[in-house]
Amino acid sequence: MTQAHPTPRRADRSWRARGRALLVGLAAAGALQAVAQTTTLGTRGTLAAPNPAVTANAGASWPATAYTRAPDHPRAVTLPLRFIPLSSGKQLAVLVSMPADFLGIPRSGRYPVVLTQTAYRIDVGQFLGVFTPAGGNTLLIGGLDQFMVRRGYVTVAIDAHGTGMSGGVTQLIGEEEQQAYREAVEWVTRQPFFNGSIGVAGTSYLGISALLTAGQQHPAVKAAFAQVPMGDAYRGVAATGGMFNAQFLSTWLPLTQSLSVANAPELLLHPWYASQINAATADHVAAIDGWYAPTFDGFVGGASGIATDDGGFWAGRSPVESAGKIRVPTFIVGASLDIFQRDQPLLYEQLKRNVPAKLAILPGAHLQSVQAGIGGYGGAPSYGPPSTTSLLLQWFDQYLQGRETGAQALPTVTQFVDGYGAGGAPRFATASDWPHPRMAPQRWYLQPDGSLAARIPAEAAGRTVAEPPAPTAARGTALGTLFTASVQVRDHSDCSASQVQWTLGLAGLLPRPCYSDSAHVESLQGAAVFETAPMAQDLYLNGPIQADLWISTTRTQAALSVRIDDVDPATGTVKPLTHGLMSATHRAVDTSRSRFVNGTMIQPWHPFTTAAMLPVVAGEPMLVPVEVFPVAALVRAGHRLRIAISASNQAQGIWPAPLQRQAEGNITTLHAGPLRPSSVVLPVVPAGELN
């Protein structure tokens, strides 16, 4: 049976492959149509060919000494709180920090401006900046940054529309907020301290706003620096694999809303702005009923609309959609276990087509990677990037101040490679592009005896995995002004690397052995485990992974969780490398947006729309292509590569209630055999490429 799918929703999301058959068929024999030549994936809709401008950087490595320079000014000072009036009638809270003399008097003159727009309060960044005066860089979280200001920059920190002391309702980076980005840039251009150049920067939400602002192409914006930014709002935040990302949203939504109503201290400090601050607080309290609760309820209840469909709502909030419009040099810093692990390479691929772009992937989850970036990794034995303080200064000195800093000669792509270091020290590899130019797909088949090999099985067998008990997700209010939400997982995935990843790294603040050893969760879940023989030589994986799994079910809903692990025979540790989650009803693949390398699909693109959903018929075999997030890892000789497949990963995604009822009690049979050969496509790079 061949299933048709909807066409792309915008012309700028069409692919160079659009001349091929638009959509993959799930043929009765079950083979995926592989119809494309070697290419790379751009945004959700535009293929980006390798950039010849970066191939000259193939041998680039990090210099032994990080870039730095002495300050130009003795002090930095923050001007009094101000508000920017918007065309909507709302107002943005802004703090401006400027170079100052020894007495703290602002220096006259014009300077390049670094603009940050945050959902986490400009006064928090200001407070932290007071206590990190010399070498610490706080600009990436907004507020005062003495390091950059003393080196000749003015920083403008803004509470984004709908957050902090700024009025409005956030609506997850909606149209009104993005319009406010434009108006904030225009406000900067009218200030007497402005010299004509703006750099946009920030971490997480601030990195997202930086990229979206750069994509608006205001001529005053000359450079961008984004750390752990989101790319695809639906796949990276809301519904990974078509499942409700309750763990993340129950952490993040209350965080942003509670920060936005915590304005009492600012009222005491700025009583003359009481009307503006009180109006903003009222907006943020009203947002509980107007935005936070309906959004959460929509996902939990499986309501139609934004909660169940990757439509224009999510595309308009996805920087990967507008990254191709950015026309200024942009540096992306990502993380190996970030919630946006999938997105950061995709952002780089869009950027590299048009501008000088760099990508550096640090180890760890969201919060841990930010902390690690402060210290840096430059020099032996890690051969990694220096601190983000050094990188930010080098990037903006080059592109805002016009200094020759060597920023363009830095390695184009730098990645933490799991398993490459020794003695617990991380180690990095550089390359001229991502995916690695020498990456080639290898298909390994799940064998009936539980092994994993490069041959199609001669005999058929099935392994079963069971749907776990249902989780619970709930929301409420506290003190009448705070939005609260929680999720209780019941499939043991709260004791896995996924718990660390999808709590933004918060779970990792109190480490547990099961966070770094998948044996616990895989055993308790009754996962179907497949392992290679001990590796005869090192296996270097670098890129996305695709699992093509043949299954049949006993109910009308089923999900697949795919964990990729490195098994160390010396210690017995099952180290998690990466993971994928997929709802079987969303198994449709749009080949025109998927990644093919050497004719083999290695990164499927699922539409995640109601129109593209396919029925799950009990007892009827179906092929489910699972997108597994990209990885950079070295599986050492003697180690085994493990694929562990279960029916859930509730730490990453749960069923909406109506679908949960359809999935309860389901038993999924995973097929391995000559007629239904389940397999995994691995991104293999010659180990000799590790530098």
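Start by selecting helix 6 and helix 8: Leu249, Ser250, Leu253, Thr256, Gln257 and Ser260 of helix 6 touch His284, Val285, Ile288, Tyr292, Phe296 and Phe299 of helix 8, where contact means heavy atoms within 4.5 Å. This is a predicted model, in which local features need pLDDT of at least 70, side-chain atom pairs count only at pLDDT 80 or more, and totals for chains, interfaces and linings use all residues. Residues are numbered from 1 along each chain as its sequence is written, and side-chain values use heavy atoms, leaving out hydrogens and water.

Now show helix 6 as residues 246-260 and helix 8 as residues 274-301; they pack at about 175°, with axes 11 Å apart. Helix 6 is therefore roughly antiparallel to helix 8 (an angle over 145 degrees). Helices here are DSSP runs of H or I with at least four residues, and strands are E runs of at least two.

Strand 17 pairs with strand 24 (residues 640-646) over 4 bridges, and valine 529 has alanine 644 in strand 24 as its bridge partner.

Finally, pick valine 562. Beyond its neighbours within four places in sequence, valine 562 is in contact with residues including Ala547, Leu549, Val626 and Ile645.

Methods: Axes are lines fitted to C-alpha atoms, for helices over the stretch in contact, and angles run from 0 to 180 degrees between N-to-C directions. Angles under 35 degrees count as roughly parallel, over 145 as roughly antiparallel, 65 to 115 as roughly perpendicular and the rest as oblique. Two strands pair if DSSP finds at least two bridges between them.
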